[in-house]
Amino acid sequence: MIVPFNHVLILAGLLFLMGIFCVVARRSLIMILLGVEVMLNAAAILLVGASLRWQNLDGQAIVLFVFAIAAAEVSVGLALIVWAYRRTGSINPENYNILK
Amino acid sequence: MITNWLSEPSLTAAILATLLPFAAFILIMVFTRKYPRLSAGLSIAAVGISLISALFLLVRHWHLQTPLEYTGRWLLSGDVAVPFGYLLDQTSLLMLSVVATISFLVQVYSLGYMAGDAGFSRYYACMSLFAWAMMSMTLSPTMLQLYIFWELVGLASYLLIGFWYEKFSATEAGKKAFVMTRFGDVAFFLGLLLVLVHLGNLNVLEMNGPQVATRMSSTYITIAALLIFGGIIGKSAQFPLLTWLPDAMEGPTPVSALLHSATMVAAGVYLFGRLFPFFSQSAAAMAIFLMIGTVSMLLASTMAMVSRDIKQVWAYSTISQLGFMIMGLAAGSYFAGMFHLTTHAGFKALLFLCAGVFIHSFESNDMFDIGRQGGRRLKIPMACTIIAAAALAGLPPLSGFFSKEVILGALAELNNPLWLAAGLLGAFLTAYYTFRLIFIILFPRQSGAESESGHGHDHGGYWVMGWPLIVLAAITVLLGFFQGALEAFFSGQQGIPVAGAGHHGWLPFAAIGLALGGVLLAWLEFGRQGADQVGFVEKIAPLNHLFAQRWYIDRFYRRFMDVFIYGVVSNLFTRNDKKVIDGGLDGLSQATVETGRLVSLLHRGMVQYRLLTIFVVLVFLGLYFFI
Amino acid sequence: MTIYSIIFYLLAILILVTTGLAISRRDMVHAVVYLIFSFFGSAMLFYLLGAPFLAVLEVIIYAGAIMVLFLFIVMMLKVETAGERLFPLSQWLPAAGCGVVYLVLGLALVAADPGRHSVLITARAEPGAFGQFIFQKHWLSIEIVSLLLLVAVIGALLLARRAKKDPARRGTIEGEL
């Protein structure tokens, strides 16, 4: 007996919301990536809780793959940020608006 | 009705009388604008045939017992059927004859008066329009038709008052006349609607009939009568809508003679006579009518006492005499009002036409100027003026004396002696201001340079203007002796309660005495050698001001319009237009532009806004799929 | 109110507080460090929820490698953080608005769930069993993820190399790389 599953849902939801907030409202590319990480973490918590709820190991497998993909994505993303910083000298996304 | 109109001579005569002037109007306006003499000929021919038809009808139906009605169905709406056509009975036939006679004489007179004017054809077109409208109005069988032609007569009046439209004062006067009478007509229409709601139709014979009392309660009859009387107040220039008539003297003098003395303003009194049985049902309304007539009569008499303009004096006199007619009718005597209407048409038109000769010859409206320039040397106009003035003052044996006697007799029948006293006072004042004018012209003070150009125009024009004067003078002299015949004529009129003829033997002598007293006072102040030609009223400066400013009625209207209409009502509407309507639309467009500006933020190329949009869409998708 | 639920709530509060602090720090190093704490808390939560292998993996990969990578990058780039407001109102307000809407909707959904009162039962996925399960049922995904990691390594290497100053090939992507 741990907790009702809804509580895990609520925790994951709040965490996800914070991740969205970080992505949308921070004026820095690195913080955007950080927010993505927070969102991924929230999803992982939810998946593990769901796997426990339905006593199915598939959820945990998914979380394993999420970790791997997150690692790959962060490395490429940060490389991109460094490259962009060298090109433009700024990590403020307001300066990256030539695609408007 | 249409198919066999030729077989009924009365119907033929009625159609000829009313429609020929209309045909003349159309022909002149469309075809003969450039040919003034042809236009005049068309118009006079049309109105001449109307006159012959009118007299034919009058003679043929002299002993009419039941009214003749010729109607066709015009409008059918639900269960309201509006007919149009002609109603021939004593009232309408007499009025038709009066209108036709005066119209014909004035149109002949205008040949000389308006000769050389640039708008000669237009003048005759408007005269024909007026003749059509007025004659159709007198022969209307339903109040709706009467109302339509009532308005058309107002239109003709507007066109003719502002005939010399280059003069700003003339156009202003025309506008004022139209708006003031329109104001009365609104009340008129409301009264008609009230009657229509209760009675189901607006047939004149039915309105005068006995069913009205059963279908409408007496309060409604009183209210309807008062509202309809609003139209009479407007059209006949009674208190409080009387200030348009003096201003209407801006029009040519024949117009003043025809419209604003004899026929159009008498249309109000005619309406009173037409609906006399209907109005008689409400004693309260008749009392109010009596009051309004008295007030108008006295007010206008005071205004005439201080006026210098010859046409203005006759205009005020018209208002006063119309009030007198209304007094007679409201006192309960149908014959009194109608008889005075007929005689007044004769001598007032004569007075105006003579004034026209003076004005035409001496280029001035001011009576002192006319006198100084030798007005008394124009023999025929002067003689006719004296005859007509004597009739107006009520001196025997002219027609005015007889008709005034009937009215005073009717007033004496009333319980309150106040009305009779007012009537006698009015008679005194009438005689006074009339002979004031006569003596100023007859005995000018500084007769320095009497201009020799008394007869300004060629004798041809003078004679054309001359013999209508003679005809009218003859009518004025002789009409009084037809009183008995007319009384017998009207005794056949449907629905008229027989007026109790109490015999007041002292009344004629009192009236003659007062009239002679007025003449004497005028002689003392104006006619005597060495008199200073300043009236007793003019010596009292505040009274002089009060009367000259028309009892400040115009000022009151101006203030009322400025403060209330412009200040409050139109201010409110202008502000509503600017702030609410315009402001609302502007605000809407502003909001749209601002929303666009906000939305354009999304297009700034910021990746974070795009992420936000993705997030919002996901939320909505989630909503859609899970709820 | 078992011991497990108390642990759960404590861990939940820890995670939420540290994440909240992480997203609102102006200094990015502080933000990353707070996030590391958050991931530690997540790891303990995984252990509570019966995934010990994943808890360990979270500490090693997430908190150990990814966040350290973040730290490297943050320290490498010179970021001006002085003088600017952190959350100007024009950015912050739409996000907050959407956040409130999301929160309300989410809570409504959660409250309306018919299976909301089902309580989690403690269990434990033994790492051995877990590994066997993975390599049997999800072997294809394993292969794909490996390929993905290889691609990521190559891409990161390429992107982060300093450009060879080749005058003839400047201005093109190949010249930049």
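Mentor: Two residues are in contact if their C-beta atoms, placed from the backbone, lie within 7 Å. Among contacts in chain A between residues at least 6 apart in sequence, 48% join residues at least 24 apart. Keep in mind that this is a predicted model, where local features need pLDDT of at least 70, side-chain atom pairs count only at pLDDT 80 or more, and totals for chains, interfaces and linings use all residues. Residues are numbered from 1 along each chain as its sequence is written, while chains are lettered from A and ligands numbered from 1 in the order in which they are written.

Trainee: What makes up chain A, in helices and strands?
Mentor: Chain A has 3 helices and 0 strands, and its pattern along the sequence is α-α-α. Helices (H or I, at least four residues) and strands (E, at least two) are DSSP runs, numbered from the N terminus.

Trainee: Which residues in chain A does "buried" cover, and how many of them are there?
Mentor: A residue is buried if 20 or more other C-beta atoms lie within 10 Å of its own, exposed if 12 or fewer, and partly exposed in between. Buried residues make up 54% of the 100 residues in chain A.

Trainee: Why is Phe335(B) called buried?
Mentor: Phe335(B) has 25 other C-beta atoms within 10 Å, so it is buried. This residue, Phe335(B), sits in helix 16 (residues 334–362) of chain B. Its C-alpha atom is separated by 9.5 Å from that of Ala410(B), 75 residues apart along the chain.

Trainee: Why is helix 26 of chain B said to lie largely in the open?
Mentor: The number buried among its 48 residues is 0, so helix 26 of chain B lies largely in the open. Helix 26 (residues 553–600) of chain B also has a kink of about 40°, centred on Gly583(B). The bend at a residue is the angle between axes fitted to the seven residues ending there and the seven starting there.

Trainee: Why are helix 2 and helix 3 of chain B called roughly antiparallel?
Mentor: Axes are lines fitted to C-alpha atoms, for helices over the stretch in contact, and angles run from 0 to 180 degrees between N-to-C directions. The axes of helix 2 (residues 36–60) and helix 3 (residues 90–113) of chain B come within 9 Å and cross at roughly 155°. That makes helix 2 of chain B roughly antiparallel to helix 3 of chain B; angles under 35 degrees count as roughly parallel, over 145 as roughly antiparallel, 65 to 115 as roughly perpendicular and the rest as oblique.

Trainee: What classes of residue form that contact?
Mentor: The contact of helix 2 of chain B with helix 3 of chain B has 14 nonpolar, 7 polar and no charged residues. Ala, Val, Leu, Ile, Met, Phe, Trp, Tyr, Cys and Pro count as nonpolar, Asp, Glu, Lys and Arg as charged, and the others, Gly among them, as polar.

Trainee: How many residues of chain C are in contact with chain A?
Mentor: There, 65 residues of chain C are in contact with 53 residues of chain A. Helix 3 of chain C provides the largest share of the side of chain C that touches chain A, 10 residues. By class, that side of chain C has 48 nonpolar, 15 polar and 2 charged residues.

Trainee: And how many residues of chain A are in contact with chain B?
Mentor: For that pair, 11 residues of chain A are in contact with 9 residues of chain B.
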